[in-house]
Amino acid sequence: RLCMKSRESQSRIISLGGIEAVVNAMLTHPADATVQKQGCVALDSFVACDFGNQARVASAGGIRAIITAMHTHLKVPSVQEWACAALASLIAGNNANLVSALKVGGRDAVSAALKKHPSESKVQHWAQ
């Protein structure tokens with residue numbers, strides 16, 4: 001996670017529109033599994049390292065982007081792992097984000113990940 005390397009760098013990236021840039025990249029390149037995985041990694045890092053970023057990621061469209069990535073790349077374990085991790089970070093202690101995730105199909109996406117990847121321990125862990 002980026003914050004483990006440097007909180008200062010992460011804060012600078014966010015202040016320069018990093019969250020919005022990541023979401024935009026995910027929405028612009030929905031068929032690219034690498035972009036989707038790395039986007040989920042970045043969004044998870046932004047939130048897991050500072051839960052104050054939950055609302056900013058949500059308002060930038062991050063929840064929808066993550067769930068879209070899950071639906072589009074259901075067969076890709078690494079996308080599912082990081083999407084579930086990012087989603088877990090976004091909804092942790094945040095009822096508004098939980099409701100938003102449920103409204104855009106979060107429950108179905110997580111259930112599909114669990115069913116599609118029963119032997120992928122990291123998917124199973126983050127999807128619980």
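Contact means that heavy atoms lie within 4.5 Å. The model is predicted, so local features need pLDDT of at least 70 and side-chain atom pairs count only at pLDDT 80 or more, whereas totals for chains, interfaces and linings use all residues. Residues are numbered from 1 along each chain as its sequence is written, and side-chain values use heavy atoms, with hydrogens and water left out.

The chain contains ten helices and zero strands; helices (H or I, at least four residues) and strands (E, at least two) are DSSP runs, numbered from the N terminus. Read from the N terminus, the order of elements is α-α-α-α-α-α-α-α-α-α. The C-alpha trace spans about 40 × 30 × 25 Å along its principal axes. Because a compact globule of 128 residues would have a radius of gyration near 14 Å, the 13 Å of this chain agrees with that expectation. The radius is taken over C-alpha atoms, and the globule rule is 2.2 Å times the number of residues to the power 0.38. Among contacts with a separation of 6 or more, 69% join residues 24 or more positions apart.

Which residues of the largest nonpolar core touch the most other members? In this core of 29 residues, they are M26, L43, F46, I66, M70 and L87. The elements giving two or more residues to the core are α3 (18–28), α4 (33–48), α6 (62–72), α7 (77–91), α9 (106–116) and α10 (121–127). A nonpolar core is a set of buried Ala, Val, Leu, Ile, Met, Phe, Trp, Tyr and Cys residues joined through side-chain atoms within 4.5 Å. Buried means under 20% relative accessible area, exposed over 50%, and partly exposed in between (1.4 Å probe, protein chains only). By this criterion, 40% of the 128 residues count as buried. Leaving aside residues up to four places away in sequence, L87 touches I63, I66, I67, M70, A101 and V110.

C40 lies in helix α4 and is buried, because its relative accessible area is 0%. Beyond residues up to four places away in sequence, C40 touches M26, I66, W82, A83 and A86. A69, in helix α6, is likewise buried, with a relative accessible area of 1%. With the exclusion of residues up to four places away, A69 touches M26, Q36, V79 and Q80.

Helix α7 holds S89, which counts as buried because its relative accessibility is 7%. Not counting residues up to four places away in sequence, S89 touches D44, V47, A48, F51 and Q54. Is S11 buried or partly exposed? S11, found in helix α2 (residues 7–15), is partly exposed, because its relative accessible area is 47%. S11 and C84 are 73 residues apart in sequence and 23 Å apart in space, C-alpha to C-alpha.

Finally, consider the surface and the charges. The chain exposes about 6,600 Å², of which carbon and sulfur atoms supply 55%; accessible areas come from the Shrake-Rupley method with a 1.4 Å probe, and for residues only the protein chains shown count as cover. There are 13 positive and 8 negative side chains, and the centres of the two sets lie 4 Å apart. Lys and Arg count as positive and Asp and Glu as negative, while His and the chain ends are not counted. The place of a charge is taken as NZ of Lys, CZ of Arg, CG of Asp or CD of Glu.
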